Amino acid sequence: MKTTKAILLGALLSAAASLCAASVQAGEALDAIMKDKMLVVGSNSDYRPNAFMGDDNQLQGFDIDVSKEVAKRLGVDVKFVTPGWEVMTAGRWSGRWHMVVGSMTPTKARAEVLDFPAVYYYTPAAFAVHKNSKATNLEELNGKTIGVVGSSTYHKYLQHNLEINAVGVPEFEYKVKPGEIKLYGDINEFDELALGDGVRLDALVQSVTVIQEAIKKGLPIKQLGDPIFYEPLAIAIDKGDKEFADKLASIVEDMKKDGTLAKLSVKWHGADLVTTK
């Protein structure tokens with residue numbers, strides 16, 4: 001019968017072996033991409049104007065065009081998957097996709113399981129209310145029901161525990177203390193806010209660009225107040241692949257220098273959000 005010490009030693013050796021195997025596997029992403037001539041990208045499916053299904057039933061948008069350009073500069077084809085936000089942010093993808101281009105903020109919590117090789121644009125976040133809302137300032141939303149995508153930076157902002165792990169992020173303050181936070185798996189919180197002021201939601205938090213896109217679609221909502229914070233959005237990869245991270249960082253830097261990213265931002269957002277913080 002094994003002693004407690006022997007069992008413990010065996011468990012530690014087994015864990016170390018597993019970690020080493022995971023590290024080796026993680027370091028092979030770029031080799032696999034170049035061998036298969038295919039870059040598999042995780043993204044969203046209903047997040048206008050960044051990623052959404054077009055009339056041809058194909059994904060399009062800013063994040064999609066950025067991904068295609070990265071693949072082009074790698075000299076490979078691109079394939080998109082939409083596994084869901086909480087799955088993408090959880091890390092440990094086991095090779096199911098190589099990177100995520102989904103307007104993801106590199107928070108400290110996410111950095112524990114993901115690497116963020118490059119910030120490719122910045123976007124302001126804001127509150128939106130129904131167009132018939134009587135609220136005239138953010139303070140009037142205290143104690144109200146606020147809708148938000150679960151596990152997003154906007155969710156963390158409402159919880160007053162948002163930490164953005166990036167250099168040069170402008171300081172921000174928490175201006176609203178919700179009475180209830182109602183969580184959503186995608187951006188269908190807009191549909192519920194559109195039902196009427198206070199019917200299901202009193203307000204929601206999202207990026208200004210997504211709010212403006214919803215207004216353009218004719219939803220009866222409006223932005224309330226100025227942006228509450230500016231967040232960097234980064235390409236994400238699984239933890240521990242320095243070679244792949246360095247390659248992506250170099251490509252994105254070139255896209256910034258030659259103006260490609262700015263052009264794509266203007267195309268989809270109507271403004272250069274690459275250099276605007």
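Which side chain is joined to that of Thr209 by a polar contact? In this predicted model, the partner is Ser207, and the polar contact between the two side chains spans 3.1 Å. Thr209 belongs to helix α7, which covers residues 208-216. With a relative accessible area of 12%, Thr209 falls under the 20% cut-off and is therefore buried. When neighbours within four places in sequence are set aside, the residues in contact with Thr209 are Pro49, Thr123, His269 and Leu273.

One of these residues, His269, also takes part in the packing of two helices, α3 and α9. Two packed helices are described by the angle between their axes and the distance between the axes. For helix α3 (residues 62-74) and helix α9 (residues 260-269), the angle is about 155° and the axes lie 9 Å apart. Because angles over 145 degrees count as roughly antiparallel, α3 is roughly antiparallel to α9. The crossing of α3 past α9 is right-handed. On the α3 side, the contact is made by Phe62, Asp65, Val66, Glu69 and Arg73. On the α9 side, it is made by Thr260, Leu261, Leu264, Ser265, Lys267, Trp268 and His269.

Gly196 is located between α6 (189-193) and β10 (203-207), in the loop that links them. The relative accessible area of Gly196 is 10%, so this residue is buried. Apart from residues up to four places away in sequence, Gly196 touches His130 and Leu201. Gly196 and Ser133 are separated by 63 residues in sequence, while their C-alpha atoms are 8.5 Å apart in space.

The protein chain as a whole contains nine helices and 11 strands. It has 277 residues, of which 48% count as buried; Thr209 and Gly196 are both buried. Among contacts in the protein chain with a separation of 6 or more, 74% are accounted for by residues 24 or more positions apart.

Conventions:
Residues are numbered from 1 along each chain as its sequence is written. This is a predicted model: local features need pLDDT of at least 70, side-chain atom pairs count only at pLDDT 80 or more; totals for chains, interfaces and linings use all residues. Side-chain values use heavy atoms; hydrogens and water are left out. Axes are lines fitted to C-alpha atoms, for helices over the stretch in contact, and angles run from 0 to 180 degrees between N-to-C directions. Helices (H or I, at least four residues) and strands (E, at least two) are DSSP runs, numbered from the N terminus. Angles under 35 degrees count as roughly parallel, over 145 as roughly antiparallel, 65 to 115 as roughly perpendicular and the rest as oblique. A crossing is left-handed if the near helix is turned anticlockwise from the far one by less than a right angle, and right-handed if clockwise. Contact means heavy atoms within 4.5 Å. Buried means under 20% relative accessible area, exposed over 50%, partly exposed in between (1.4 Å probe, protein chains only). A polar contact is a pair of N or O atoms within 3.5 Å; within protein, one must be able to donate a hydrogen and the other to accept it, and residues adjacent in sequence count only if both atoms are side-chain atoms.
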